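Here is a friendly briefing on one protein model. Keep the sequence and the 3D view open as you read.

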Amino acid sequence: MSPPTPKPPLAPSSTSRARERFSLPGERRLAHGILSRRILRPDDLAPLAWWQRRVTGYVFVFLLVALSIILVVHVQALVEPHFFAGATTIITVFIIALLWGAGPAIFATVLSTIALDYYVVAPTGTVQVWTNLLDYLPFIVTCLIVSLLAAQRERARRRARTAERLAVERAHELETANKLKDQFLSLASHELKTPITTIKGYAQLAERRLGSLEQDASPALASTRQVLDKITQQADRLTWLVNDLLDVSRIQAGKLDLRQEQCDLAVLCRQAAEEHELTSGRMIDLSLPDGPVYVSGDSERLGQVLSNLLANAIKYSADGRPVRLTLTCQAGKALVSVQDQGVGIPEDELPMIFERFFRARTARNGSQRGLGLGLAICKEIIERHHGRIWVESEEGKGSRFSFELPLAKKVA
């Protein structure tokens, strides 16, 4: 049996080219470092300087205790009997505990007790601490308590400093990961637009060629027209999703440019309603004022908001349910509302409905698919126009999305 003939290598697709462009060596190393970095324990301490190490502390104990005893001997000779001999030593133990912890502080307590007994309390030339332990017990207990409290405080401070450092590192890592994600979304979206446009163009070309064969009414030709129509619809849907991804990447990068001009919001509402009636076959109940309603803003972006809200109202309501678009003016502002009688939004999810990539349970459980970007983009556009957007909804009874914009002076 002859071995199978190897298949020729496929030409790299636009998606693979995008992946190759995104996966640069430096970015791969950065992403790998973010994912594989060791997770530090909560009790990890910040790096210590050489003079803060515990071994160094034991060496400095001898010097500091000697200095404190010399100070005590000289001051004791001047102010006796009112000067408490152990005060300076307790302060020395406290400083040692702050710098080097409990171990060196306890060691300093032992040395200080012996030195006080030998040079200050009973300068007889011999050490009598063990025979007069009860006399030194208050001093020893005080030094131990001070040592432990100071050491715990210093350890807590260093832990807090470490936690702050780790929080800054995590924030930097998240910021870097978000930048990589936004870069990938922008690059992938740009790469996807070309093949989608090509697919849609060929489908429309085939539809036009089939349209010239009106005399041929065969079932095969009708079926082919339906297939091409579905290809066009799915290409339009992909184009919508890609445009949403591009808008999100522009918003994240602060590059969502708006062309400020005076536009008639009533005209934009009428155009959006007519477009959706034509594409969906659904009637939209339109309520507009008699005259124009001028606002200052980007007419294309405002039309995008209206189109998105109407598309959602049509998508998440049954065919027989009405969709209503209303425009009114009140208190120097234009108020637009899109109301439907569809699936509605659960009350506990209303505060999150304008977040990116969020979809309500009622939307996720249905047959409609999406990325959850449209409302987040609408919110950004409206807020960039110095307006606000909100929603009122009840699960199973429909939703009403509203936004308001400041009115502009009427064009002469």
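Lys397 counts as exposed, at 57% relative accessibility; exposed means over 50% relative accessible area, buried under 20% and partly exposed in between, using a 1.4 Å probe and protein chains only. Lys397 is found in the loop between strand 6 and strand 7. This is a predicted model, where local features need pLDDT of at least 70, side-chain atom pairs count only at pLDDT 80 or more, and totals for chains, interfaces and linings use all residues. Residues are numbered from 1 along each chain as its sequence is written, and side-chain values use heavy atoms, with hydrogens and water left out.

**Around Lys397**
- Beyond its neighbours within four places in sequence, Lys397 is in contact (heavy atoms within 4.5 Å) with Asp340, Gln341, Gly342 and Val343.
- Lys397 and Gln341 are 56 residues apart along the chain, yet their C-alpha atoms are separated by 5.5 Å.
- The hairpin of strand 6 and strand 7 has three residues between the strands, and Gly396 takes a positive phi near 85° there.

- Helices (H or I, at least four residues) and strands (E, at least two) are DSSP runs, numbered from the N terminus.
- Strand 7 covers residues 398-406, and seven of its nine residues are buried.
- Two strands pair if DSSP finds at least two bridges between them.
- Strand 6 (residues 388-394) pairs with strand 7 in the antiparallel sense over seven bridges, and Glu394 stands opposite Gly398.
- Strand 5 (residues 333-340) also pairs with strand 7 in the antiparallel sense, over seven bridges; here Gln339 has Arg400 as its bridge partner.

**Aromatic rings**
- Rings of Phe, Tyr and Trp (its six-membered ring) pair if their centres lie within 6.5 Å; planes under 30 degrees apart count as stacked, over 60 as edge-to-face and the rest as tilted.
- How many aromatic pairs does a search of the whole structure find? The search finds four.
- Phe60 and Trp100 form a stacked pair, 5.5 Å centre to centre with 20° between the planes.
- Phe60 lies in helix 3 (residues 54-79) and Trp100 in helix 4 (residues 86-100), so this pair ties together parts that are 40 residues apart in sequence.
- Phe60 is partly exposed, with a relative accessible area of 29%, whereas Trp100 is buried, at 6%.
- Phe354 and Phe401 form an edge-to-face pair, 6.1 Å centre to centre with 85° between the planes.
- Phe354 sits in the loop between strand 5 and helix 10 (361-364) and Phe401 in strand 7, 47 residues apart; both are buried.
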